[in-house]
Amino acid sequence: MTTITCKISFFSDWHAGSGMSAGTDLDALVLKDMDHFPYIPGKTLKGLLKDSAITLAAFSGSREWTDFIDACFGIEGTRQGDCHFSNAEMTIKLKKAIKENDMSSLLYRKISSTAIDESGVAMNKTLRKIQTTIPASLFFSISGVKDVHMDKIRDCLAFTRRMGLGRNRGLGRCRFTIQGDEK
């Protein structure tokens, strides 16, 4: 079994939610670590990649995919998967540079949206504001990957093109790659 390091390159603002709000200012805040840097929990990454694997299995109809899903992600309530996912975070070097230059406030933006009725007027009580993170690169690791599963992991990573809140509205466009595989 091996451990691989993966990179998520975001091409648009993204929102991995904390489930918290900022009172009347923002309806949804980005998930942040203790130093106020954005991150994506390993549990979220595992679920996202498992969803990609399930979709790819449905397209292929191959028993190999089902075996891969059971081995890597586990069987709910029966067996834990072999693959373990770390949180996706910015590099320590980047975090240090942002801290030293007091630039952490530049990592986030506020985006507003509202529902519009048939006549083109904003509907009452539909204004929402969310906090997003600017495009950035995050890194995470997957440990416990069997050599026989590497191609399927690559396929799952390549298939995943969006993540987070608003991904059907242009947020969270991204590319997942394995470090060392980039061309």
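Predicted model: local features only at pLDDT ≥ 70, side-chain atom pairs only at ≥ 80, totals over all residues.
Helices here are DSSP runs of H or I with at least four residues, strands are DSSP runs of E with at least two, and both are numbered from the N terminus.

Figure 1. Residues are numbered from 1 along each chain as its sequence is written, and side-chain values use heavy atoms, with hydrogens and water left out. Of the 183 residues in the chain, 38% are buried (under 20% relative accessible area, using a 1.4 Å probe and protein chains only; exposed is over 50%, and partly exposed is in between). Take the contacts (heavy atoms within 4.5 Å) between residues at least 6 apart in sequence: 69% of them join residues at least 24 apart.

**Figure 2. Helix α1 meets helix α2.** Two packed helices are described by the angle between their axes and the distance between the axes. Here, the axes of α1 (residues 42-60) and α2 (residues 63-73) come within 9 Å and cross at roughly 165°. That makes α1 roughly antiparallel to α2 (the label for angles over 145 degrees; under 35 is roughly parallel, 65 to 115 roughly perpendicular, and the rest oblique). The axes are lines fitted to C-alpha atoms, over the stretch in contact for helices, and angles run from 0 to 180 degrees between N-to-C directions. On the α1 side you'll find K46, L49, K50, A53, I54, L56, A57 and S60, and they meet W65, F68, I69 and F73 of α2. Sorted by class, this contact has 9 nonpolar, 1 polar and 2 charged residues (Ala, Val, Leu, Ile, Met, Phe, Trp, Tyr, Cys and Pro count as nonpolar; Asp, Glu, Lys and Arg as charged; the others, Gly among them, as polar).

**Figure 3. H15, in the loop between β1 (2-10) and α1.** H15 counts as buried because its relative accessibility is 3%. A polar atom of its side chain lies 2.5 Å from the backbone oxygen of Q131. Leaving aside residues up to four places away in sequence, H15 touches A28, L29, V30, I130, Q131, T132, G164 and L165.

**Figure 4. G172, in the loop between α4 (150-159) and β8 (174-178).** With a relative accessible area of 0%, G172 is buried. Not counting residues up to four places away in sequence, G172 touches F10, S12, D13, W14, R161, R162 and M163. G172 and T133 sit 39 residues apart in sequence, and their C-alpha atoms are 9.3 Å apart in space.

Conventions: Polar contact = N/O pair within 3.5 Å; in protein donor to acceptor, adjacent residues only side chain to side chain.
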